[in-house]
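Here are my notes on the model you passed along. Have it open beside you while you read, and go through the points in order.

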Amino acid sequence: MAKKKEVSVEEKLRALYNLQLIDSRIDEIRNVRGELPLEVEDLEDEVAGLSLRVEKFNNDIETLNSNIKAKLNAIEESKELMKKYTKQQENVRNNREYNSLAKEIEFQELEIQLAEKHIKEFKAQIAHKTEVIEEAQSRLEDKQAHLKHKKDALNEILSETEKEEEALLSQSAKYEKQIEDRLVGAYKRIRSNVKNGLAIVAIERGAAGGSFFTIPPQVQVEIAGRKKIITDEHSGRILVDAELAAEQKTKMEKIFAKL
């Protein structure tokens, strides 16, 4: 079995710095999108919620109209029964039968009154729900217009950057494979702990990039020697010399230009 080629510390540092440059470029692209994807997602949830609300109230109104229709039918049935009982009263044989029919007529009158009361209640509910629907529909239309505007803006940004981001992610994965898992893990851990996502920085005017803490001359010599991985004692970030950083930036800019 062929022995795996040993990678020098300098090669690891170059690969790590390339990875940092790629990931920083991805960060820039995502910053351009900003909060738009989340805003679109939130608006989609609001639109879906309002649509369900409108649909529910429309279903409620449909049910109430069915209930009104049922009550109107019941009223007609009660009226027919009253006619029937009134006619039967003309042919009764005694007061007991007459009073019994009178009670049936009275009962149907009460049924009609109750049905009319329910119809009135149902109509009041319909009026209230119609107002709610109109308000929700107005809000829904506003949200839909806002959502369209946000989606158009997001799609425009995506069309400009999506292809480049995919290519960069592919490059990022490629460089990760060139670095041992332990270093990749350390790199990602540092990136997640710093605000700007810079896990690897170059020495600038005797200090780590973006830092005011001076690095001792001897440590600067060791960094320039590229014989071991050295981290900034203040921020924990991996340090590289300015020359290596400049070389890799030039190389990666050419790659970025082709994406």
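**Notes on the fold, the sheet and a few residues**

1. Let's begin with the sheet. Strand 1 (residues 200-204) and strand 3 run parallel and are joined by three bridges. One of the pairs to look up is Ala-202, whose bridge partner in strand 3 is Val-240. Strands here are DSSP runs of E with at least two residues, helices are runs of H or I with at least four residues, and both are numbered from the N terminus. Two strands pair if DSSP finds at least two bridges between them.

2. A word on what you're looking at, before going further. This is a predicted model, in which local features need pLDDT of at least 70 and side-chain atom pairs count only at pLDDT 80 or more, while totals for chains, interfaces and linings use all residues. Residues are numbered from 1 along each chain as its sequence is written, and side-chain values use heavy atoms, with hydrogens and water left out.

3. Back to the sheet. Strand 1 also has strand 2 as a partner: the two run antiparallel, with two bridges between them. Glu-204 has Ala-207 as its bridge partner in strand 2. Put together, the three strands make an open sheet in the order 2-1-3, with mixed pairing. Strand 2 (207-208) and strand 3 (238-240) are the edge strands, each with a single partner, so one side of each has no neighbour in the sheet.

4. How enclosed is strand 1? Four of its five residues are buried, so strand 1 is largely enclosed by the rest of the structure. Buried means under 20% relative accessible area, exposed means over 50%, and partly exposed is in between (1.4 Å probe, protein chains only).

5. Arg-205 sits in the loop between strand 1 and strand 2 and is exposed, at 82% relative accessible area. Arg-226 also has a positive phi, near 55°, in a residue other than glycine. That arginine lies in the loop between helix 5 (217-225) and strand 3. Is Arg-226 buried or exposed? With a relative accessible area of 12%, Arg-226 is buried.

6. Now zoom out to the whole chain. There are six helices and three strands in the protein chain, and from the N terminus on the elements run α-α-α-α-β-β-α-β-α. The radius of gyration is 39 Å, well over the 18 Å that the globule rule gives for 259 residues, so the protein chain is more spread out than a compact globule. For reference, the radius is taken over C-alpha atoms, and the rule is 2.2 Å times the number of residues to the power 0.38. Along the principal axes, the C-alpha atoms fill a box of roughly 125 × 45 × 40 Å.

7. Some totals for the chain. Of its 259 residues, 34% count as buried. The accessible surface comes to about 17400 Å², and 51% of that belongs to carbon and sulfur atoms; areas come from the Shrake-Rupley method with a 1.4 Å probe, and for residues only the protein chains shown count as cover. Among contacts with a separation of 6 or more, 76% are between residues 24 or more positions apart, where contact means heavy atoms within 4.5 Å.

8. Gln-89 is in helix 2 (residues 36-89) and is buried, with a relative accessible area of 13%. Leaving aside neighbours within four places in sequence, Gln-89 is in contact with Tyr-98, Leu-101, Ala-102 and Ile-105. Ser-172, in helix 3 (residues 95-177), counts as buried at 6% relative accessibility. Not counting residues up to four places away in sequence, Ser-172 touches Leu-19, Ile-22 and Asp-23.

9. Gly-185 is in helix 4 (residues 181-193) and is partly exposed, with a relative accessible area of 30%. How far apart are the C-alpha atoms of Gly-185 and His-118? They are separated by 70 Å, with the two residues 67 apart along the chain.
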